[in-house]
Amino acid sequence: MGLGDVARRARAGLVAGWTASLAVLAVAGAAQAAAPVKMALTFDDLPAHAPLPPGVTRIEVAGRLLAAFHDAKTGPVYGFINGVQEEREPDSIGVLSLWRAAGHPLGNHTWTHINLNTNSLADWEADLVRNEPLLEQHMAGQDWRWVRYPFLSEGETPEKHAAARKALKARGYRIASVTMSFGDYAWNEPYARCMAKGDMAAVTVLEASYLKAAKDSLDFERALSAKLYGRDIPYVLLMHAGAFDARMMPRLLKLYQDNGVSFVGLREAERDRFYAADFKTEATAVPTTLEEAAKVKGVALPAQAPPWGGAELDKMCR
Ligand SMILES: [Zn+2]
């Protein structure tokens, strides 16, 4: 599901859900002061994501992300890897070692970032397994059997969805869910273009819109979680290891912390009962996101600020 889908569903549910969500939010608001909002940070597409601005290296991008984690005292942050990128961009070799040297774990995002919805499960599984020696090399003795589905594609039919989960379970994998995302990946390419043009006014627009999208998505998922469960579930935030993400990371982590977020590990977040549905294989109606849970329960989505993203970003610095 994209941001557009979220927005459309939000608009459709706006009137029906408004009164109910206000009531639940009032209750949730009282509890917020006591309980911090737990969030696990996860980064996809290591060691190379999206085009780079002129003069910037993959090693610098990783170094900047890792410095921001250190300064914000995030604790361990899972990085999900596509091994083929070390062949495509030899300059990216070193990123995974850097990530590990800073004490952060790695997980599987398949070798080539293969899409399960447009490939057979057999091909997808082979691509997943091809990534394992690199994980074993960097994570010997550690817990690398976590998978993040490329494109968040979990199988285009209920049968394939279930078969993939069964295959992953047999290989000892757990699924890295996504319950918070603001489409961060979409800022990296325009950023590279704007830097190439030296258009710093445009970069300022990118910075402000990125932080606004992050805050809007935090507010939206928290309101939805309150509406569904009367509490904050521990969120799993999907991010990408891109140059703009690296530039923004200190400000983004501060934004979350200023809004009551405390960072936890992926394993701790997914210990919550919300994520226990991970390996239920029997049906279509297994919610892995809050939006899916709302759909299953027939709960209208809370109001959401109009998204700023795709179309506007695509036009910038052309
Ligand atoms: Zn990815």
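Reader: Hi! Let's start with Thr110: where does Thr110 lie?

Author: Thr110 sits in the loop between β3 and α5. Keep in mind that this is a predicted model.

Reader: Is Thr110 buried or exposed?

Author: Buried: the relative accessible area of Thr110 is 0%.

Reader: Which other residue has a positive phi without being a glycine?

Author: Leu152 is one, with phi near 55 degrees. Leu152 is found in the loop between β4 (146-147) and α7 (158-170).

Reader: And how accessible is Leu152?

Author: Leu152 has 38% relative accessibility and so counts as partly exposed. That lies between the cut-offs of 20% for buried and 50% for exposed.

Reader: Let's go to the metal. Which residues are the protein donors of the zinc ion?

Author: Asp45 through OD, His109 through NE2 and His113 through NE2, at 2.0 to 2.1 Å from the zinc ion. Along the chain, the spacing of these donors is D-x63-H-x3-H.

Reader: What parts of the chain does the pair of Asp45 and His109 tie together?

Author: Asp45 is in strand β1 (residues 37-46), while His109 is in the loop between β3 (106-108) and α5 (121-130), so the pair links parts that are 64 residues apart in sequence.

Reader: Are Asp45 and His109 buried or exposed?

Author: Both Asp45 and His109 are buried.

Reader: Nice. How many residues of β1 are buried?

Author: Nine of the 10, so β1 is largely enclosed by the rest of the structure.

Reader: Which strands does β1 pair with?

Author: With β7 (residues 261-264), β1 pairs in the parallel sense over four bridges. With β6 (residues 235-240), β1 is also parallel, and six bridges join them. With β2 (residues 78-81), β1 runs parallel too, over three bridges.

Reader: Tell me about β6. Which of its residues point which way?

Author: Tyr235, Leu237 and Met239 point one way from β6, and Val236, Leu238 and His240 point the other way. In a regular strand the side chains alternate between the two faces of the sheet.

Reader: And how many residues of β6 are buried?

Author: Six of the six, so β6 is largely enclosed by the rest of the structure.

Reader: Back to β2. What handedness does the unit of β1, α2 and β2 have?

Author: β1, α2 and β2 make a right-handed β-α-β unit.

Reader: What comes between β1 and α2, and where is Pro47?

Author: A loop, and Pro47 is in it. The peptide bond from Leu46 to Pro47 is cis, with omega near 5 degrees. Most peptide bonds are trans.

Reader: Cavities next. How many of 30 Å³ or more does the search find?

Author: The search of the whole structure finds one. About 60 Å³ of space lies in the largest cavity.

Reader: Which residues line the largest cavity?

Author: The lining is made of Leu46, Pro47, Ala48, Arg58, Val61, Ala62, Leu65, Val95, Trp99 and Ala241. By type, the lining divides into nine nonpolar residues, no polar ones and one charged. Arginine counts as charged, and Arg58 is in the lining.

Reader: Which element gives the most to that lining?

Author: Helix α2 does, with four residues. Both α2 (58-71) and α4 (95-101) supply at least two residues each.

Reader: One more about α2. Where is Gly63, and how far is its C-alpha from that of Trp99?

Author: Gly63 is in helix α2. The C-alpha atoms of Gly63 and Trp99 are 8.2 Å from each other, with the residues 36 apart along the chain. Gly63 has 29% relative accessibility, so it counts as partly exposed.

Notes:
Residues numbered from 1 in each chain as written. Predicted model: local features only at pLDDT ≥ 70, side-chain atom pairs only at ≥ 80, totals over all residues. Heavy atoms only, no water. 1 Å grid on protein atoms, 1.4 Å probe; cavity = no way out; pocket = protein on both sides within 12 Å on 5 of 7 lines; lining within 4 Å. Points joined across faces, edges and corners; volume = space filled by probe spheres on them. Donors = N, O, S within 2.8 Å, 3.2 Å for Na, K, Ca; no water. Buried < 20%, exposed > 50% of the residue type's maximum accessible area, 1.4 Å probe, protein only. Pairing = 2+ DSSP bridges. Right-handed = clockwise from strand over helix to strand, strands pointing away.
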